[in-house]
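Take a look at the chain below.

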Amino acid sequence: MHFFIRLKNTSVFLLVPLGSLLSQPSVDSVLEGISFQQAFQRAVINDPRLELNRIIVEAAEGQIEQANSRPNPVIGAEAENFLGTGPLRGTQGLEVTIGISQVIETANKRERRVELARADRILIDWDRELILAEIESSVRTAFVDVLLAQEFLNLRREQLDLAQRSVDETASMVEAARSSHVELMRARLDVHQQRFAIQQAERALVKLKSVLAGYWGDSGHESFAVVGQVTVESGVPEFSELAGRLAYTANLARYSAEENAREMSLEMEQARANPDLEVFAGGRYFNETDGDVGFVAGISMPWPLSDRNQGNIRIARARLRAVFQEREVTRRSMTMALNRSYQEAVGARAEVMSIETNLLPAAEATLRDTEHGYERGQFNQLVVLESRNVLFEVREAYLNALQRYALAQAEIEALTRPATIIRK
């Protein structure tokens, strides 16, 4: 009885970086089985959030372009001293002024506007990074679920094959008057139970495939298989080592860009506290002096008597100070989630190793001895069935522990995934 050999060869875990997702999978490779890389790439291609992000990038580029524009000059004309009384009757005293005015920004407002728009543009890149990280984490979890569900189904089918073999063996024993019809009925009942278990496993697999296919926008298509492996690592990294990786993840690294954007916003609000200048120049026509003309020029600026933009400056300063607390809130939440996943991975790994080292060999040896004793007439069919059920229960416990380990590792991988863009 060597049930465990095949199981070990098909149980593996996947740690696939984004950099390996370089090409569209061919049709033939998809028909053979979908790998994690292919599943992730499909999800990336079909996720509408990424297209939305590209549109937002275009808008941000337009914002940068607009921020770099200078204020437009204003051309104006003014007529006065006409249609009045006395010497101002009709157009006798008409004066017409035509000129142009231009706002001159102070405190480098245009440069600061551009810097702020560029800082906001960088944040959109980080938003895309977070979307990709979320897609990878979700697809990885769904992929592991399907991968292990396939193994559970294979295990149920093996149980059915073994139960059917037990029926054949028991029937032969009954014909030789070495076993009773009750044992044959019990063996047939076990076949029905295993068929029911297969139906349950098939329904569970269809459901999990539907979840995975949903990331491709194809939730109604489940006629595919996934290929991959789940390996139990020989050692477990220290928690402090994993926690140290959090600072390089997109969730935390993006706060440097957020802090820079809020600094730019504060500087912009401080610059707005400085009033801009407006200069005017033009020509004036005097009708009452036989059409004489003269030049006019002027300069004006607001008087910041009550509004010095102090409220907006206060808001910008508070938002800048809040970045540190926001970063710490995120760090704490990620550390707690990492600790939960780490403890789950450590516990599940210990179970996997214990089952592989102790329980599985003992269950296989017990079944071998029981079957040999049954052939010699030392045990009845009930004892053999119980030994077989114990072995499969151990194998099922192994798969359950392996699944918990794989899902915990997937969560750890998602939490510690390094950012793929340069921090700014």
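In what order do the elements of the chain run from the N terminus on? The order is α-α-α-α-β-β-α-α-α-α-β-β-α-α. That comes to ten helices and four strands. Keep in mind that this is a predicted model.

Now consider the chain as a whole. It has 424 residues, and 38% of them are buried. The accessible surface comes to about 23500 Å². Carbon and sulfur atoms account for 54% of that surface.

Next, look at who touches whom. Take the contacts between residues at least 6 apart in sequence. Of these, 80% join residues at least 24 apart.

The largest nonpolar core has 50 residues. Some residues have the most contacts inside this core: Ile135, Val139, Leu148, Leu212, Trp216, Phe224 and Val226. Which helices each supply at least two residues of the core? They are α3 (36-46), α5 (109-175), α6 (181-214), α9 (310-375) and α10 (381-415). The helix that gives the most is α5, with 19 residues.

Pick out Trp216 and find its partners. Set aside its neighbours within four places in sequence. Trp216 is then in contact with Ile34, Ala39, Arg42, Ala43, Asn46 and Phe224.

Conventions
Residues are numbered from 1 along each chain as its sequence is written. This is a predicted model: local features need pLDDT of at least 70, side-chain atom pairs count only at pLDDT 80 or more; totals for chains, interfaces and linings use all residues. Side-chain values use heavy atoms; hydrogens and water are left out. Buried means under 20% relative accessible area, exposed over 50%, partly exposed in between (1.4 Å probe, protein chains only). Contact means heavy atoms within 4.5 Å. Accessible areas come from the Shrake-Rupley method with a 1.4 Å probe; for residues, only the protein chains shown count as cover. A nonpolar core is a set of buried Ala, Val, Leu, Ile, Met, Phe, Trp, Tyr and Cys residues joined through side-chain atoms within 4.5 Å.
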